[in-house]
Amino acid sequence: MLRALALLLLLDMVLCASALPAAAAAAGPATAADDALLAEAPRGRLPAGVTPRAYRLDLTVDPRQSGFGGNVAIDVELAAPADRIWLHGQDLVVNELTAVTAAGNTVRGSYREMAEPGVSVALFEETLPAGKATLRIAYAGAFDRNLAGLFKVEEQGRPYVLAKSESIQARSYLPGFDEPGLKATFDISLTIPRGFEAIGNEPVVAREPAGDGMERVRFATTRPMPTYLLSLAVGPFDIVERPPLAANPVRKDAVPLRGVSRAGRGGAMNYVLDVTPRMLEIFEEQLRRPYPFRKLDIVAAPQWPSGATELSAAITYREQRILVGDHPAPGARLSLLGVHAHELAHMWFGNLVTPPWWDDLWLKEGFATWATPLVLTILEPEGGHDLNGAARAIRAMRLDSLASTRAIREPIEDNNDIRNAYDAITYAKSLGVIHMVDQYFGPDRFRPALGRYVASYADGVADSADFYRVIGEETGEPGLTETFRSFVEQTGVPVIDARVECTGGEGPVVHLRQSRYRPLGSRIDDADKLWTIPVCLDSGGPRQCLLMQGRKETVALEAATCPERLLPNAGGSGYYRWTLDSEYWWNELLDDLDDPAALTGVEAMSLIDSAFAAFEAGGLEPPMLLNVVGGSSAAGERQVLTMPLPYLADYRNAYFDQRAREAIAILGRRLYQPVLDRTAGSDDPEEQLLHSELLAFLARVAEDPAARRRLAGMAHAFTGFGAKRETGALPSDLYEAALAVAVQDSGAAFVDHLVDFRQQLDDPLFEAASATALGTIRDAALLDRVHDLALSEALGPRETFGLITAALAEPALRDAHWRWLRDNFSAVVKAIPGQWRRRTPRFAAPFCSERRLGELRALFATHADRVPGYERALAQSEESIALCIALAPRGKAFGEAIAAWAGN
């Protein structure tokens, strides 16, 4: 009864809130004291002086209900006497708050939520003395339905509750100190329905009856940890027990290993559980540090807003990423390996050693991203994981080429800006920079220093200055720390202009000049900034390397004669672009694109990226860029061969006229049909994945009729459209491409069939792919059908976001979708994941017109308050549209070059 009353009060507060947050508004009209508190409320970090040491949390969590309730006791240390304590708590009903001092005195307090998101204050009737105290809070809250905080979902008629705590969502179910640097121990007890399972960060130590069909589950005490890593999951889960991870030379104790999935799906966890022991062993061997927790649960969440989250000892994944069956398709398998290695790396980078604040997010996300291809290459030396890592770093350079990009590390002063740090700069640029340092200075020097860094700050916090200090002391390489600083703390990607001079009397030299890369139309105004860049040159002889710190450097080549070729990023590990002074040098390199003895795969990828970058900066001419595309099509590595495909798709949609679009179909058939034929029926996973990627390109970008018929037929057979269903007709790697083609080519009947079928098939990958495919309709008569579906409960929040993203990316009905989005923006915001609302400006990124640019600005001028933290995504989307407009003449010229080539 009390819990029901508390939830009713919570609902009332949410409905009645005005300028003040819910809890403050519920107390009555704002007063001068309220105004003073509101002015005092921190927008970023909490005031120093209050340190949490331990939490004792006791909650009732029943997924069959609409909310939760319980109490928490928090042991804190006060550096000075205080009559108020700033803390976090969002949309919570606090029924009672007291503080017990070290002397045993109980002081009553009141709780007010003062500012978004969840910045609250505890006000006490008496001043608390400095020293130790315990805060006791009884409270209740409602389960979220948009995948944030403690959220509830229903799958196959069964309810589940899970906690998505990262980055600042723990405050929506736990009043406390929701910052990464405020680590504390946790003792957690959950009262749950009898027969349900409860998952936490530690093993269960007791389970006992709690009356009325409920049970009380108590977990062991955690190591010191931040709130964002808290795991709470309750529901009718399948539990898959595996043999414990055996002790080894690094770790003395065995570690229990389990898989956790929604009911009926435990059998689909075999693959991820199979690869876990060896993967974890590699991490321990490389870091010489044991896995730091007492158990390891791999949790497949029925729904999850991100791909995965590194909750300590209970790593939680969106089930589509890891429920892949015993024989996953190559793309699904590669995705699983990548996300799993990344999350395991976090057990050391982020969980054991934690950044004190979100501006040092790179110290966990960057190192986990870098460790992924490193560990996977040890696991599968021939798996091409180094190329996948290089591709990811190269893709980050596109975002890093914007004037509105952020530095890897930059101040975060507002809570609403925290999630903006979770981008390709933090993840993939960090990967590229760390890999560059590791390769240039040598793994034998860098990695032991990294191990010392982890050992030095285990169970504690460390920022960038701490990292630089330990790495510098251990390696004795000042250039190493200077390289890190210049790339971590500056925005942008360097470009190195290399000019060969062979006319001097003392042998050939290369003149190097560094600047910030700047595409056509860019408003970048700091092109003259400097980096400390590890540069390696290949001129046909021994590789020559230097640490370039000045604007210009001149390198005397060891060859006595003028070289036949020059590669300014030998080894391909440099996080920079480069350009050459003559098409002669470009042509010499292009001749090597299909020769792995002359260019490694990573070097070839650096060449392709630098060529497209030079084109977009106004340098390389369209015929030469076409040579790059043609040369890459003969490469042996999948990543090299497919690297130009996203550019071709973007240019086709933005710039090509009908003649050029017909020409790209010819180009696709000439360049890629032979590879498609060669890889058909292959047993090699890389060739299977290459086949799928090329088939999707030919069908969706080149609009090849034969490829489209093939994919549509596969979609028809797999879903049983017009005939008996064939369960093996469509591999999961082609779900999205085949369904999109069928949606576009098979009319309303298939759309209706797909909407019905996706409710019948219990396949998380298919659910996501089919939602995205439905956004690609080209029949205007289906607009209302798809728009109504997007806002219905038939789709999950992630699927709604994917559908709308796909709809705005499809040129045929883009304008109609845009009008609908503008007219229904409030409803769209409510339908998508809460932590993704800040991304909504990116829906408009595919546009390439001044008119739409103005409409985008107007939309967010009107609705800014609905999407906190949107500013960076808006700035980047505005800039992307402006750059697209600026590149239009060259994009059209490139289409004309393809048309001329196709006509020969």
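1. The disulfide of C848 and C884 is left-handed, because the torsion about its S-S bond is about -105 degrees. This pair links distant parts of the chain, 36 residues apart: C848 sits in the loop between α27 (825-831) and α28 (850-863), and C884 in helix α29 (residues 871-902). The S to S distance is 2.0 Å; a disulfide here is a pair of cysteine sulfur atoms within 2.5 Å. Helices (H or I, at least four residues) and strands (E, at least two) are DSSP runs, numbered from the N terminus.

2. The model is predicted: local features need pLDDT of at least 70, side-chain atom pairs count only at pLDDT 80 or more, and totals for chains, interfaces and linings use all residues. Residues are numbered from 1 along each chain as its sequence is written, and side-chain values use heavy atoms, with hydrogens and water left out.

3. C884 counts as buried, at 12% relative accessibility, whereas C848 is partly exposed at 26%. The classes are buried under 20% relative accessible area, exposed over 50%, and partly exposed in between (1.4 Å probe, protein chains only).

4. The structure holds three disulfides. With the bonded cysteines of the protein numbered in sequence order, the pairing reads 1-4, 2-3, 5-6.

5. C502 is joined to C562 with an S to S distance of 2.0 Å. C502 lies in the loop between β20 and β21 (509-516) and C562 in the loop between β24 and β25, so that distant parts of the chain, 60 residues apart, are linked. The link is right-handed, with 60 degrees about the S-S bond. Both cysteines are partly exposed, C502 at 33% and C562 at 39%.

6. The disulfide of C536 and C545 has an S to S distance of 2.1 Å and is right-handed, with 110 degrees about the S-S bond. C536 is buried at 11% relative accessibility, while C545 is partly exposed at 41%.

7. Four strands form an open sheet in the order β24-β21-β20-β25, with mixed pairing; two strands pair if DSSP finds at least two bridges between them. The edge strands, each pairing on one side only, are β24 (552-556) and β25 (577-580).

8. Strand β20 (residues 494-501) pairs with β25 in the parallel sense over four bridges. D497 has T579 in β25 as its bridge partner. Helix α13 (residues 583-590) packs on the sheet and touches β20 and β25, contact meaning heavy atoms within 4.5 Å. The direction of α13 makes about 120 degrees with that of β25; axes are lines fitted to C-alpha atoms, for helices over the stretch in contact, and angles run from 0 to 180 degrees between N-to-C directions.
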